[in-house]
Amino acid sequence: MGTPLVLLDVDGVLNPFQRPHRGYKRHRCSPNGITYRLWLDAGHGRMLLDLAGSAGAELAWASYWCDEANTWIGPRVGLPELPYVPIPRFPGIAGAGTLGAWKARHVAAWVERRPFVWFEDEPDAADRIAAEPGIGDHLLVPVEPDSGLTRRHVELAGAWLGDLAGRAGPRPRPQ
């Protein structure tokens, strides 16, 4: 089965599109010389690290930010350097269908049948990832892009990961 993954999108998930509640701070990020203004909550890092630690899961980026998330997002929310799904630039609807379908295709190839939770805001991503050939156990937690990731989203993911661990049986303890 492999170690479960917790996949993180950035825009619409860690960076909500509307001005969020307190706890978020405005940041300027300039990957590739293009400046973006993002809302980020430093508390998200601890919450996600706790989720992954309690579930024995591995955190990874599943965002168009790719490795740039390690430079511009991770340090601002309290996450260490993480692996990332290599999602290339969206070629447009004619070449890829929807954004959700494009991302799902690359996520499915990268996870290689490992179980995963994916925090994602693309509205069709859940259907698209479920339709990918060979996809294993997964939960797509839909995040409302205007408000972003909440504690409730993380609790849903934690419950699913706990259930997954129960189905897999006990893990051997290190000696």
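This is a predicted model: local features need pLDDT of at least 70, side-chain atom pairs count only at pLDDT 80 or more; totals for chains, interfaces and linings use all residues.

Biologist: Okay, where does R128 sit, then?

Modeller: R128 belongs to helix α6, residues 125-130.

Biologist: Buried, exposed or partly exposed for R128?

Modeller: Partly exposed, because its relative accessible area is 36%, and the cut-offs are under 20% for buried and over 50% for exposed.

Biologist: What does the side chain of R128 meet in a salt bridge?

Modeller: That would be D124, with 3.3 Å from N to O. D124 counts as buried, at 17% relative accessibility, while R128 is partly exposed.

Biologist: And how far apart are the C-alpha atoms of R128 and V107?

Modeller: They are separated by 10 Å, and the two residues are 21 apart along the chain.

Biologist: Back to salt bridges, how many does the structure hold?

Modeller: Six. One of them joins R114 to E58, where the closest N and O atoms are 2.9 Å apart. R114 is in the loop between α5 (99-111) and β5 (116-120) and E58 is in strand β4 (residues 58-61), so this pair ties together parts 56 residues apart in sequence.

Biologist: How exposed are R114 and E58?

Modeller: R114 is partly exposed, with a relative accessible area of 23%. E58 also comes out partly exposed, at 30%.

Biologist: What about K103, which residue does its side chain meet in a salt bridge?

Modeller: E120, at 2.8 Å from N to O. K103 sits in helix α5 and E120 in strand β5, so the pair ties together parts 17 residues apart in sequence.

Biologist: Are K103 and E120 buried or exposed?

Modeller: Both K103 and E120 are buried. They are also linked with D9 in a network of salt bridges. As a general point, side chains of opposite charge can pair when their charged atoms come close.

Biologist: Switching to the surface, which residues gather in a patch of positive charge?

Modeller: R19, R26, R28 and R37. Of these, R19 is in the loop between β1 (5-8) and β2 (24-29), and R19 counts as exposed because its relative accessible area is 68%.

Biologist: Since you mention that loop, where does G12 lie?

Modeller: G12 lies in the loop between β1 and β2. G12 counts as buried, at 0% relative accessibility. Its C-alpha atom is 20 Å from that of L51, and the pair is 39 residues apart along the chain.

Biologist: In which sense do β2 and β3 pair?

Modeller: Antiparallel, over six bridges, with β3 covering residues 36-41. K25 has L40 in β3 as its bridge partner, and C29 has Y36. For strands in general, side chains alternate between the two faces of the sheet when the strand is regular.

Biologist: How many residues are between the strands in that hairpin of β2 and β3?

Modeller: Six. N32 is in the loop between β2 and β3, and N32 has a positive phi of about 55° although it is not a glycine.

Biologist: Is N32 buried or exposed?

Modeller: Exposed, because N32 has 69% relative accessibility. For background, most residues other than glycine have a negative phi.

Biologist: R113 isn't a glycine, so what phi does it have?

Modeller: A positive one, about 70°. R113 is found in the loop between α5 and β5, and R113 is exposed, with a relative accessible area of 60%.

Biologist: Nice, I'll take another look at those loops.

Key
Residues are numbered from 1 along each chain as its sequence is written. Side-chain values use heavy atoms; hydrogens and water are left out. Patches are made of residues with over 30% relative accessible area and no salt bridge: like charges are joined within 9 Å, nonpolar side chains (Val, Leu, Ile, Met, Phe, Trp, Tyr) within 5 Å. Accessible areas come from the Shrake-Rupley method with a 1.4 Å probe; for residues, only the protein chains shown count as cover. A salt bridge is a side-chain nitrogen of Lys or Arg within 4 Å of a carboxyl oxygen of Asp or Glu. Lys and Arg count as positive and Asp and Glu as negative; His and the chain ends are not counted. The place of a charge is taken as NZ of Lys, CZ of Arg, CG of Asp or CD of Glu. Helices (H or I, at least four residues) and strands (E, at least two) are DSSP runs, numbered from the N terminus. Buried means under 20% relative accessible area, exposed over 50%, partly exposed in between (1.4 Å probe, protein chains only). Two strands pair if DSSP finds at least two bridges between them.
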